[in-house]
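Biologist: I would like to learn how to read a structure feature by feature. Can you take me through one?

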Amino acid sequence: MEGETDLNILLKSLKPSLNKGNYVFISVNDIRHISRDIILFEFKEKEGITIILEQAKADELNFKYDFVASWITLTVHSALNAVGLTAAVSTALTKYNISCNVVAAYYHDHIFVATKDTEQAMEVLSEFSGK
């Protein structure tokens, strides 16, 4: 099933969903000692492997982190080659001085915002679909 590419349809169909919990970004050199079951996302960079996981799991493993985020899923099935979705979302959040970290997965885009900005970010994202 192909994802949506039309920006107007994507924005009207965002349907942001707040996932429970707090999440953190950490960088490690080796993930072999970390259960894949607790890793939400990983990306290998030349400086290390970035992983996103629940804050509680990071605390259990004594990982250090600087940023605690809420995880918002845009439930519309966006195509990986859709143009403008990330820009529209980040521009809307920027108007409220909300930083966002976007992770594009196969079916959905996922937005990570500072926990203090969660409520306002959900309101801003919901405005696209008139909810």
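Modeller: We will go through charge pairs, the cavity, a surface patch, backbone angles and some distances. Keep in mind that this is a predicted model.

Biologist: Start with charges. How many salt bridges does the structure hold?

Modeller: The general idea comes first. Side chains of opposite charge can pair when their charged atoms come close. In this structure there are three salt bridges.

Biologist: Which residue does Arg32 meet in a salt bridge?

Modeller: Its partner is Asp30, with 2.9 Å from N to O. Now look at the surroundings. Arg32 counts as exposed because its relative accessibility is 75%. Asp30 has 28%, so it counts as partly exposed.

Biologist: And with which residue does Arg36 form a salt bridge?

Modeller: With Glu42. The closest N and O atoms of Arg36 and Glu42 are 3.1 Å apart. Arg36 is exposed, at 56% relative accessible area. Glu42 is partly exposed, at 29%.

Biologist: That leaves Lys116 and Asp117. What is the N to O distance there?

Modeller: The side chains of Lys116 and Asp117 meet at 3.2 Å, N to O.

Biologist: Is Asp117 buried or exposed?

Modeller: Buried means under 20% relative accessible area. Asp117 has a value of 10%, so it is buried. Lys116 is exposed, with 68%.

Biologist: Which residues line the largest cavity?

Modeller: The lining is made of Leu74, Leu85, Thr86, Val89, Val102, Asp109 and Ile111. H3 supplies the largest share, three residues.

Biologist: Let us go to the surface. Which residues form a nonpolar patch there?

Modeller: Leu80, Tyr106 and Tyr107 do. Together they have about 370 Å² of accessible area.

Biologist: Where does Tyr106 lie?

Modeller: Tyr106 sits in the loop between strand E5 (100-104) and E6.

Biologist: What is the phi of Asn62?

Modeller: About 60°, a positive value, although Asn62 is not a glycine. Asn62 lies in the loop between helix H2 (55-60) and strand E4 (68-74). Its relative accessibility is 66%, so Asn62 counts as exposed.

Biologist: And what about Asn97?

Modeller: Asn97 also has a positive phi, near 60°, and is a residue other than glycine. Its place is in the loop between H3 and E5. Asn97 is exposed, with a relative accessible area of 69%.

Biologist: Last topic: sequence against space. How far apart are Val24 and Ile34?

Modeller: Val24 and Ile34 are 10 residues apart in sequence, and their C-alpha atoms are 15 Å apart. Val24 is found in strand E1 (residues 16-28). Val24 is buried, with a relative accessible area of 0%.

Biologist: Which numbers do you get for Ile72 and Asp59?

Modeller: Ile72 and Asp59 are 13 residues apart in sequence and 21 Å apart in space, C-alpha to C-alpha. Ile72 has its place in strand E4. Ile72 is buried, at 0% relative accessible area.

Biologist: And how far apart are Ser17 and Ile111?

Modeller: In sequence, Ser17 and Ile111 are 94 residues apart; in space, 10.0 Å, C-alpha to C-alpha. Ser17 lies in strand E1. Ser17 is partly exposed, with a relative accessible area of 31%. Ile111 is one of the residues that line the largest cavity.

How values were computed
Residues are numbered from 1 along each chain as its sequence is written. This is a predicted model: local features need pLDDT of at least 70, side-chain atom pairs count only at pLDDT 80 or more; totals for chains, interfaces and linings use all residues. Side-chain values use heavy atoms; hydrogens and water are left out. A salt bridge is a side-chain nitrogen of Lys or Arg within 4 Å of a carboxyl oxygen of Asp or Glu. Buried means under 20% relative accessible area, exposed over 50%, partly exposed in between (1.4 Å probe, protein chains only). On a 1 Å grid over the protein atoms alone, a cavity is a set of points where a 1.4 Å probe fits but cannot get out, and a pocket is an open set with protein on both sides within 12 Å along at least five of seven lines; lining residues have an atom within 4 Å of a point. Helices (H or I, at least four residues) and strands (E, at least two) are DSSP runs, numbered from the N terminus. Patches are made of residues with over 30% relative accessible area and no salt bridge: like charges are joined within 9 Å, nonpolar side chains (Val, Leu, Ile, Met, Phe, Trp, Tyr) within 5 Å. Accessible areas come from the Shrake-Rupley method with a 1.4 Å probe; for residues, only the protein chains shown count as cover.
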